[in-house]
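Okay, thanks for coming, everyone.

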Amino acid sequence: MAAITASQLSATYEHVTLYTFGEPRTGNLAYALYMNENFEATSPETTRFFRVTHGNDGIPNLPPAEQGYVHSGVEYWSVDPHRPGSTSVCTGNEVQCCEAQGGQGVNEDHITYFGMASGACSW
């Protein structure tokens, strides 16, 4: 939802910056190319689309790439233990990034980012 909303906002507002955590694949190749161009996400130096992933979070592996879905944005992959230097910048060719870990669905790595569990709200 964040990426789709940001794409709509960027049609009206200049220099929208987008951060997502555990984002699933949001669209097809045409959508990814549009997002990468619109958010200058062709390199870590210019990007305004920061796609943060963690460990073997399974949600970024959905929906399946075999169905035509692809990622956009520059991936920042965080691994445990959370500390300085535990985040890698992934530009698409690295095998150590989230997608290569093979996680599926909602798992512990999806609900924990930077050492903080999102968990359920308590009333």
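This is a predicted model: local features need pLDDT of at least 70, side-chain atom pairs count only at pLDDT 80 or more; totals for chains, interfaces and linings use all residues.

Before any residues, one cut-off: when I say buried I mean under 20% relative accessible area, exposed is over 50%, and partly exposed is in between, using a 1.4 Å probe and protein chains only. Residues are numbered from 1 along each chain as its sequence is written, and side-chain values use heavy atoms, with hydrogens and water left out.

Let's start with strand 3, residues 74-78. Helices (H or I, at least four residues) and strands (E, at least two) are DSSP runs, numbered from the N terminus. Five of the five residues in strand 3 are buried, so the rest of the structure largely encloses it. Val74, Tyr76 and Ser78 point one way, Glu75 and Trp77 the other.

Who are its partners? Two strands pair if DSSP finds at least two bridges between them. Strand 2, residues 49-54, runs parallel to strand 3 over five bridges, and strand 4, residues 87-90, is antiparallel to strand 3 with four bridges.

Gly73 sits in the loop between strand 2 and strand 3. Gly73 counts as buried, because its relative accessibility is 17%. Beyond its neighbours within four places in sequence, Gly73 is in contact (heavy atoms within 4.5 Å) with Asn36, Ala41 and Phe49.

On to charges. How many salt bridges does the structure hold? Three, where a salt bridge is a side-chain nitrogen of Lys or Arg within 4 Å of a carboxyl oxygen of Asp or Glu.

One links Glu99 and Arg25, with the closest N and O atoms 2.7 Å apart. Glu99 is in helix 3 (98-101) and Arg25 in the loop between strand 1 (18-21) and helix 2 (29-38), so this pair ties together parts 74 residues apart in sequence. Arg25 is buried at 7%, whereas Glu99 is partly exposed at 42%.

Another pairs Glu75 with Arg51, at 3.5 Å, N to O. That ties strand 3 to strand 2, since Glu75 lies in the former and Arg51 in the latter, 24 residues apart in sequence. Glu75 is buried at 8%, and Arg51 is buried at 5%.

Then there's Arg48 with Glu40, at 3.7 Å, N to O. Arg48 is buried at 14%; Glu40 is partly exposed at 36%.
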